[in-house]
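This report goes through a protein model for a reader who wants the strand layout and the charged side-chain pairs. The sequence and coordinates come first.

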Amino acid sequence: MNTHAITHTNGKNSTPRISQLRVKPATRVAIRAPGNFALPTHWFTVQGSYTVLKGTFVFDGVDAQGHLSRTRYYPGDFATLPANYILRISTEGADEAILYLTLYGDWAPQLQPNPWNKPVLRGQR
C-alpha cells in the first residue's frame, strides 16, 4: 500500500506500520495505525477476514449494490470481507490500533480516490 497517500489527522508522524506475516496458504497482514488516522479508500479483489487486536476501527464501506455502511469494531471483533468491497478504514481515538487481516490471495490493495463521489462526465462541469 502506498503509505504516502495516507491522510494525517492528528498532526504527528502518522505513518502506519504494515507487516506481511505469511503468504501461503493465505496472506496474513498486520497493520499498526496511529490514533485518529485514515487509510485511503481501497478494496481487495480477493475474499478475506479481519480481527481487531487493539483500539477502535471504523469501516466505511460500499458493497456491490452501492449500499453504504459504517461499522465500529473493537478489540476481539472479527468479520469477513467480501471481494471487491470498497473500504475506507480509520482509527478512532488518540491511541494506536492494530488490525490483523487474512486475505485468500495476494496482498494487493486497489486504491481509488473517492468512490462515494458521483462520477462527472465530460461536459457536465
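## Overall make-up

The model is predicted, not experimental. The protein has 12 strands and zero helices, so listing its elements from the N terminus gives β twelve times over, as the order β-β-β-β-β-β-β-β-β-β-β-β shows.

Of the 125 residues in the protein, 40% are buried. The accessible surface comes to about 7,600 Å², and carbon and sulfur atoms account for 49% of that area. Among contacts with a separation of 6 or more, 73% are between residues 24 or more positions apart.

## The five-stranded sheet

An open sheet is built from five strands in the order β2-β3-β11-β6-β9, with antiparallel pairing. The edges are β2 (17–22) and β9 (78–81); each has a single partner strand, so one side of each is left without a neighbour in the sheet. From one strand to the next, the twist averages 20°.

At one end of this order, β2 runs antiparallel to β3 (residues 27–33), and five bridges join the two. One of the residue pairings can be named: Gln20 has Val29 in β3 as its bridge partner. In general, side chains in a regular strand alternate between the two faces of the sheet.

## The β7–β8 hairpin

Strands β7 (residues 56–62) and β8 (residues 68–73) also run antiparallel, joined by six bridges. Phe57 has Tyr73 in β8 as its bridge partner. Five residues lie between the strands of this hairpin, and Gly66 takes a positive phi near 85°.

Arg70 is in strand β8 and Asp60 in strand β7, so the pair ties together parts that are 10 residues apart in sequence.

## Salt bridges around Glu96

How many salt bridges does the structure hold? There are four salt bridges. One of them pairs the side chains of Glu96 and Arg32, at 3.7 Å from N to O. Glu96 lies in the loop between β10 (86–92) and β11 (97–103), while Arg32 belongs to strand β3; the pair links distant parts of the chain, 64 residues apart.

Glu96 also meets Lys54 in a salt bridge, at 3.0 Å from N to O. Lys54 is in strand β6 (residues 48–54) and Glu96 in the loop between β10 and β11, so this pair ties together parts that are 42 residues apart in sequence.

Glu96 is partly exposed, at 28% relative accessibility. Arg32 is partly exposed, with a relative accessible area of 37%, and Lys54 is partly exposed with a value of 37%. Which residues do shared partners join into one network? Salt bridges that share partners connect Arg32, Lys54 and Glu96 in this way.

Notes
Residues are numbered from 1 along each chain as its sequence is written. This is a predicted model: local features need pLDDT of at least 70, side-chain atom pairs count only at pLDDT 80 or more; totals for chains, interfaces and linings use all residues. Side-chain values use heavy atoms; hydrogens and water are left out. Two strands pair if DSSP finds at least two bridges between them. Helices (H or I, at least four residues) and strands (E, at least two) are DSSP runs, numbered from the N terminus. Axes are lines fitted to C-alpha atoms, for helices over the stretch in contact, and angles run from 0 to 180 degrees between N-to-C directions. Buried means under 20% relative accessible area, exposed over 50%, partly exposed in between (1.4 Å probe, protein chains only). Contact means heavy atoms within 4.5 Å. Accessible areas come from the Shrake-Rupley method with a 1.4 Å probe; for residues, only the protein chains shown count as cover.
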